[in-house]
Amino acid sequence: MRNAWTCAQGVTFNIKGPNLFLARCHCLGDWKRVMEGGPWQFHRDPVVLVEYDGFTNVADYALNMYPLWARIKGLPDGLTRKKELAEKVAKKVGDPPFTVVVNEGRINPSNFLRVRVFVNVNQPLVRFVPITLKERKKYPVRCEKLPNFCYYCGCMGHVVEECGDGVHDPDVCEWGDWLHWSNDSEGASDAKGGRGGSWSNAAGRGGGNTGAG
Ligand SMILES: [Zn+2]
């Protein structure tokens with residue numbers, strides 16, 4: 001992580017448990033970059049960050065919310081122009097705080113809405129957003145820089161070969177690499193599977209020794 005974060009003042013890691021680290025930045029600029037610059041990955045697994053208050057037992061933190069940039073395709077124009085409406089769409093993909101990129105006033109608006117949401121790594125990734133205007137429609141979701149996730153249960157942190165006994169017919173898998181956003185309009189990508197496993201991380205301004213990086 002040290003390489004990915006490229007902190008000006010360096011960062012120190014304190015091992016708190018399996019896949020659990022307390023990371024300390026040494027200047028505000030580095031801290032902001034780490035906390036706001038995500039999502040971060042380690043070997044294509046999600047790195048979950050929570051601000052540490054300096055007092056609480058690190059093990060007591062629920063480390064499960066991961067920031068993701070998602071794009072919802074083909075929405076009616078009206079839902080992509082106003083922040084309030086765009087946030088209602090974002091809410092169907094994940095939790096706040098939301099960042100929405102709206103098309104307000106743009107002459108050639110893109111045919112997707114780009115939102116940053118927080119998703120629970122232990123819950124299946126959202127694939128479609130159902131919206132009822134005149135009729136109920138499902139709008140496909142694609143995610144940018146998605147970490148490894150399971151094509152069988154839709155959760156991050158492991159791949160399909162590691163889910164249960166790992167034997168799952170691809171035909172019954174409801175998720176797939178199509179969930180990755182790519183610049184071609186269909187959102188297909190050449191993403192490949194890899195090793196899974198979970199990785200968590202607590203970051204804060206307190207902390208100690210070198211762990212991983
Ligand atoms: Zn799974």
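**Confidence, core and strand pairing in a predicted model**

Good morning. In this chain, confidence is lowest in strand 11 (residues 202-204), at a mean of 41, and highest in strand 10 (residues 136-143), at 96. The score is pLDDT, the predictor's confidence in each residue, from 0 to 100; strands (E, at least two residues) and helices (H or I, at least four) are DSSP runs, numbered from the N terminus.

This is a predicted model, in which local features need pLDDT of at least 70, side-chain atom pairs count only at pLDDT 80 or more, and totals for chains, interfaces and linings use all residues. Residues are numbered from 1 along each chain as its sequence is written.

The chain averages a pLDDT of 84, and 85% of the residues score at least 70. Over residues 185-213, however, pLDDT stays under 50. Where pLDDT is low, the predicted coordinates should not be read in detail.

The largest nonpolar core has 45 residues. Such a core is a set of buried Ala, Val, Leu, Ile, Met, Phe, Trp, Tyr and Cys residues joined through C-beta atoms within 7 Å, buried meaning that 20 or more other C-beta atoms, placed from the backbone, lie within 10 Å of the residue's own. Ala70, Ile72, Val89, Val115 and Cys143 touch the most other members. Strand 8 (112-120) is among the elements that each supply at least two residues, and strand 8 gives the most, with five.

Strand 8 also pairs (at least two DSSP bridges between the strands). With strand 6, the pairing is antiparallel over nine bridges, and leucine 68 stands opposite valine 117. Strand 7 (residues 95-101) runs antiparallel to strand 8, joined by four bridges; there, aspartate 95 has phenylalanine 118 as its bridge partner.

How values were computed. Contact = placed C-beta atoms within 7 Å. Buried ≥ 20, exposed ≤ 12 C-beta atoms within 10 Å, placed from the backbone.
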